[in-house]
Amino acid sequence: MKKKLALMMALSLTMCTLLTGCGKGADETAQTAAETTEAAADETAEAEETTEAADETANADLVYAVEAGSAGEAAANDNGFKTNVVASQADALMEVASGTSDAAIIDLLMAGAMIGEGTSYPNLTLSDELTTEEYGVGCRKGSDLASYINSVFAESYADGSMLETATTYGVQEALVAQDAVEFTASETDSDVAYIQDKGTLIVGITDFAPMDYKDDNGEWIGFDADMARLVAEKLGVEAQFVEIDWDNKIMELDSKNIDVVWNGMTLTQEVTEAMECTNAYCNNAQVIVVPAN
């Protein structure tokens, strides 16, 4: 009996030793696996950092065509890109198409109208989106014309004519809802009265489809052009379109060479500080355009 008891105790001790050994092995295995996972994560992070650094180096070597004084130029400067500054966004696309610039930074709405299959630039395509922003119309600082345009925006949005015009030019998805607004005229130095007295609303623009561009007959059309004509009609005057140097838009406005800047203008801090701006009427973004191949 004693021999059997001793044998059983020995077996028990052996099993405990084996179990202890197995437990220790499992802990070591788990620890090793954890260390391997951590090492793999570190390698992945290092690889991502290397890729980001390579991308930054590649971006630093590229030349981006941008319109002078535009939100695209500001976005390029904010990102530290090398720029080729040109007169218009259309020129920026031409630079990429001709190979004299690696990429262009332009408005998303223009990109939708100008690049891709069935457009003027079928061999160009969208790359990255750099910013999101809103369009507004610019008037002279303190001008009551901004209030008048807001009232027309509200009326045309409510009756559906603004959406109809937007659909014509493919910008309906970008429309910003317009709340009801009543026009408040200035008691002195009214721009609205000044424009009505001279009989013309002089609209400062650039060639910028689908907002302002010429049709086959040389007439200015586009979402902005049509909306400007509507405002002129409500004022009882004729709309007159004048191409301006976009970089000089504030000077043109203040000197009364034009009455309004209406050309897919981004509501930047510089713009809102220098002009009396309308409510935003379209959403937009600054995007990078590159060759498709």
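Biologist: Let's start with Asp247: buried, partly exposed or exposed?
Modeller: Asp247 is partly exposed, because its relative accessible area of 48% falls between the limits of 20% and 50%. One thing to keep in mind as we chat: this is a predicted model.

Biologist: Which residues form the negative surface patch?
Modeller: That patch is made by Asp245, Asp247, Glu270 and Glu273. So the residue you began with, Asp247, is one of its members.

Biologist: Let's switch to charged pairs. How many salt bridges are there?
Modeller: The count comes to 5 salt bridges.

Biologist: Which residues are linked in a network of salt bridges?
Modeller: The network links Arg140, Asp191, Lys198 and Asp259.

Biologist: Let's take that apart. How do the side chains of Arg140 and Asp191 meet?
Modeller: They meet in a salt bridge, with an N to O distance of 3.3 Å. The pair links distant parts of the chain, 51 residues apart: Arg140 is in the loop between strand E4 (124-139) and helix H5 (145-159), while Asp191 is in helix H7.

Biologist: Are Arg140 and Asp191 buried or exposed?
Modeller: Both count as buried: Arg140 has a relative accessibility of 8%, and Asp191 has a relative accessible area of 6%. Each value is under 20%, which is why the word "buried" applies.

Biologist: What does Asp259 form with Arg140?
Modeller: Asp259 forms a salt bridge with Arg140, and their closest N and O atoms are 3.2 Å apart. Asp259 lies in the loop between H9 and E9 and Arg140 in the loop between E4 and H5, so this pair ties together parts that are 119 residues apart in sequence.

Biologist: And is Asp259 buried or exposed?
Modeller: Asp259 counts as buried, because its relative accessibility is 0%.

Biologist: How far apart are the closest N and O atoms of Asp259 and Lys198?
Modeller: They are 2.6 Å apart, in another salt bridge of Asp259. Lys198 is in helix H7 and Asp259 is in the loop between H9 and E9, so the pair ties together parts that are 61 residues apart in sequence.

Biologist: What does Lys198 count as, buried or partly exposed?
Modeller: Lys198 counts as partly exposed, because its relative accessibility is 31%.

Biologist: New topic: cysteines. How many disulfides does the structure hold?
Modeller: The number is 0. Take Cys139, which is in no disulfide: the nearest cysteine sulfur belongs to Cys277 and is 7.6 Å away.

Biologist: Is Cys139 buried or exposed?
Modeller: Cys139 counts as buried, at 0% relative accessibility. Cys282 also counts as buried, and its relative accessibility is 0%.

Biologist: What about the backbone? What is the phi of Asp189 near?
Modeller: Phi of Asp189 is near 50°, a positive value in a residue other than glycine. Most residues other than glycine have a negative phi.

Biologist: Where is Asp189, then?
Modeller: Asp189 is in the loop between helix H6 (161-168) and helix H7 (191-198). With a relative accessible area of 70%, Asp189 is exposed.

Biologist: And what is the phi of Lys256?
Modeller: Lys256 is not a glycine, yet its phi is positive, about 65°. Lys256 lies in the loop between H9 and strand E9 (260-266), and counts as partly exposed at 37% relative accessibility.

Biologist: Which is the peptide bond from Ala209 to Pro210, cis or trans?
Modeller: The bond from Ala209 to Pro210 is cis, with omega near 5°. Most peptide bonds are trans. Pro210 is found in the loop between strand E5 (200-205) and strand E6 (213-214).

Biologist: Last one! How far apart are Leu62 and Phe81?
Modeller: In sequence they are 19 residues apart, and in space 7.4 Å, C-alpha to C-alpha. Leu62 lies in the loop between helix H1 (2-61) and strand E1 (63-67), and is partly exposed with a relative accessible area of 29%.

Technical notes: Residues numbered from 1 in each chain as written. Predicted model: local features only at pLDDT ≥ 70, side-chain atom pairs only at ≥ 80, totals over all residues. Heavy atoms only, no water. Patch = residues over 30% accessible without salt bridge, like charges linked within 9 Å, V, L, I, M, F, W, Y side chains within 5 Å. Areas by Shrake-Rupley, 256 points an atom, 1.4 Å probe, with all protein chains shown as cover. Salt bridge = Lys/Arg side-chain N within 4 Å of Asp/Glu carboxyl O. Lys, Arg positive; Asp, Glu negative; His and termini not counted. Charge placed at Lys NZ, Arg CZ, Asp CG, Glu CD. Buried < 20%, exposed > 50% of the residue type's maximum accessible area, 1.4 Å probe, protein only. Disulfide = S-S within 2.5 Å. Helix = DSSP H or I, 4+ residues; strand = E, 2+ residues; numbered from the N terminus.
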